[in-house]
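Please open the structure in your viewer and keep the selection tool at hand. This tour moves from stop to stop, saying at each one what to select and what can be found there.

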2 protein chains.
Amino acid sequence: GWKCRRQIFARAVGAIEKESAMAEKPGTFLRDSEGEPSGTNSVRARFEKMIRKAQDDVCVAVEAVDGHGFREDVWSRPGGGGGISRVLQDGNVWEKAGVNVSVVYGNMPPEAYRAAKPVNSPDNGSRLGSIPFFAAGISSVMHPKNPFAPTVHFNYRYFETDAPKDVEGAPRQWWFGGGTDLTPSYVFEEDVKHFHMVQKQACDKFDPSFYPRFKNWCDDYFFIKHRGERRGLGGIFFDDLNENDQEMLLAFSTECTNSVIPAYIPIVEKRKDMPFTERHKSWQQLRRGRYVEFNLVYDRGTTFGLKTGGRIESILMSLPLTARWEYDHQPVEGSEEWKLLDACINPKEWLQP
Amino acid sequence: GWKCRRQIFARAVGAIEKESAMAEKPGTFLRDSEGEPSGTNSVRARFEKMIRKAQDDVCVAVEAVDGHGFREDVWSRPGGGGGISRVLQDGNVWEKAGVNVSVVYGNMPPEAYRAAKPVNSPDNGSRLGSIPFFAAGISSVMHPKNPFAPTVHFNYRYFETDAPKDVEGAPRQWWFGGGTDLTPSYVFEEDVKHFHMVQKQACDKFDPSFYPRFKNWCDDYFFIKHRGERRGLGGIFFDDLNENDQEMLLAFSTECTNSVIPAYIPIVEKRKDMPFTERHKSWQQLRRGRYVEFNLVYDRGTTFGLKTGGRIESILMSLPLTARWEYDHQPVEGSEEWKLLDACINPKEWLQP
């Protein structure tokens, strides 16, 4: 399903209307005109509310540690939808931290709907016209200054299509996606274990198969193929999740989103003031270069956003403030830099006894 | 032709065998076993000789200005082909300068051969098996330290397929590609005019239509679509050139390659010691970020190389040593930074009276 759908999307969605700045945050980015699906009890409405609260909570937690505040940009699109981008740049603790929420309305080509729908559901696909879709998500990347303090990324999103009007009985479709992952430049095992443990606890509240499955999915997804290494030390990742109960998955996404602060902030507090040398800084900058490689070459959210005319500054907020590429850099075997690289090449089970 | 062919290539060429380091440079990277096409008078052989001499010449010229020397890596592949990568990193004048030559043997899927061949030539394509191809090229990017000294990129390449053995009369095919372009952080009109004038002079020796055609092609190619701006101030670019006489195009590629030194080195000599401030450096770093965006998201050589298992360190040598991404940076209208950006958004005819 997803790979095919995502590719069809990117090819066919085409340019979304240009966004424009808004002076004030609206209560909701949902269209007024929507009937039943956007009622305040709809999954759309509750998901939007959840991610907007999470954006506030994460920003408050980060500002409390950093001392600097986030800049906020609010934007909307003429046909409905919009978002709030918050960035803290060159703070005391973070080099760059961005937390975005966005709500997007678009039209999906019929092939993408067909790729998404469950097998055996009514189709008669040749008669389908393009199908309106809705997507809402929170996404965030935070790059600290101190090379011993890790970068974190998280993203939780909800998609929904309308029921096609031209085919009797063809269903509305929906799915959830997301994940939280950690990208340190140096391995502190206790930090990585803490981070993974919080992810596991969030998962275990819903399904014991979630953590092992989404941990592996994360290792597979954040793979820089041309390097044969992962971007970082993983966490959880899932996409196209719709085989469980919708209410359960909304609650699960909420739990994961709310786990970001306890998973990440204590690690930064422990590492942010550790003394470091030029060597540590330079290695951090090289790993930031790898982060850029992954995001620009492989990350679906980024490449999809760039191709479909999303808000560029919000999409590329994930890039670090600074990065570095040295020709043929090879860490000395056994060094601290080598240990990180080894863990990126050979993903570990951090929670094994 | 080319777009289709390149895409089919990237999908189907698949992983090329892994390269290994060589202690010494061979006299040629061409296969011994080859008969007629690799005779010392073949276009393949003369093209390889030309790019290897050009690599030497450019490195000598750069070392004379910089004072530091290039590091050299020689590599080969078990099935034939290989290359020489030269890098000067953290020199006196250049932050990073790389000059590569490579010779690649591979197998092209029949669709790519069909997309490449002239209309109306014998085909009977359904019987074609995969077709051996040969590619040789020189490619180089040089990023100076001083923000007033521009980055240059050049790349000249020659492709050839074997005549398919299984279809009587199906022709061998060949084509040339390449270009030279300038990426300053600040506009010095005299520098840009000089650079374009040298390109025009090289072109005019062969065909008066070449410069205007290849200048526009360059502006179109180095376009960062998601930004709506070009990477730099252009030069010349061409691909899939085979409608002219083969000897003429070999001579033209040679002339272009040999024009790199007179087009670029005098500009660097004029700018390398100009005093600059933090503001200039920071703007240079932002433009380097754009360079990374273009190369990782759009550049065909880079994305093709990453997907087909080319030598990663040689491919990514084009990335700057350091780069920077600031959220929503907007130069003040009328400032020197704005003038550069304006010229990247609205390409100019530098040689108009």
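Begin by selecting Arg71(B) together with Asp328(A), which form a salt bridge whose closest N and O atoms are 2.7 Å apart; the term salt bridge is used here for a side-chain nitrogen of Lys or Arg within 4 Å of a carboxyl oxygen of Asp or Glu. This pair crosses between chains, since Arg71(B) belongs to strand 2 (residues 71–76) of chain B, while Asp328(A) sits in the loop between strand 11 (322–324) and helix 11 (336–345) of chain A. Helices (H or I, at least four residues) and strands (E, at least two) are DSSP runs, numbered from the N terminus. Arg71(B) has a relative accessibility of 36% and therefore counts as partly exposed, where buried means under 20% relative accessible area, exposed over 50%, and partly exposed in between, with a 1.4 Å probe and protein chains only.

Before going further, note that this is a predicted model, in which local features need pLDDT of at least 70 and side-chain atom pairs count only at pLDDT 80 or more, while totals for chains, interfaces and linings use all residues. Residues are numbered from 1 along each chain as its sequence is written, chains are lettered from A and ligands numbered from 1 in the order in which they are written, and side-chain values use heavy atoms, with hydrogens and water left out.

Because Arg86(B) lies in strand 3 (residues 81–89) of chain B and Glu72(B) in strand 2 of chain B, the pair ties together parts that are 14 residues apart in sequence. Is Arg86(B) buried or exposed? With 8% relative accessibility, Arg86(B) counts as buried, and Glu72(B), at 33%, counts as partly exposed.

Next, select Arg300(B) and Asp239(B), which form a salt bridge with closest N and O atoms 3.7 Å apart. Here distant parts of the chain are linked, as Arg300(B) is in helix 9 (residues 300–308) of chain B and Asp239(B) is in strand 10 (residues 235–241) of chain B, 61 residues apart. Arg300(B) is buried, with a relative accessible area of 18%, and Asp239(B) is likewise counted as buried, at 2% relative accessibility. In chain A, salt bridges that share partners join Lys25(A), Asp56(A), Glu72(A) and Arg86(A) into one network.

Now show both chains and look at where they meet, a contact (heavy atoms within 4.5 Å) that takes 28 residues from chain B and 28 residues from chain A. The area buried between the two chains is about 2800 Å², of which carbon and sulfur atoms give 56%; buried area is the accessible area (1.4 Å probe) that two parts lose on being put together, summed over both. Which residues of chain B lose the most area to chain A? They are Glu313(B), Trp325(B) and Tyr327(B), together giving 30% of what that side buries. Select Glu313(B) with Arg227(A) to see a salt bridge with closest N and O atoms 3.1 Å apart; between chain B and chain A the count is four salt bridges.

How are the two copies arranged? Chain B can be laid on chain A with an RMSD of 0.0 Å by a turn of 180 degrees and a shift of 0.0 Å along the axis, with copies superposed by least squares on the C-alpha atoms of residues with pLDDT of at least 70 in both. The two copies are thus related as by a two-fold rotation axis. Select Ala323(B), because of the residues of chain B its C-alpha comes closest to the rotation axis, at 2.7 Å.

For the last stop, select Asp90(B), in the loop between strand 3 and strand 4 (94–108) of chain B. Its phi is near 55 degrees, a positive value in a residue other than glycine, and Asp90(B) counts as partly exposed at 45% relative accessibility. Then select Asp240(A) in strand 10 (residues 235–241) of chain A, where phi is also near 55 degrees, and where a relative accessibility of 14% means that Asp240(A) counts as buried.
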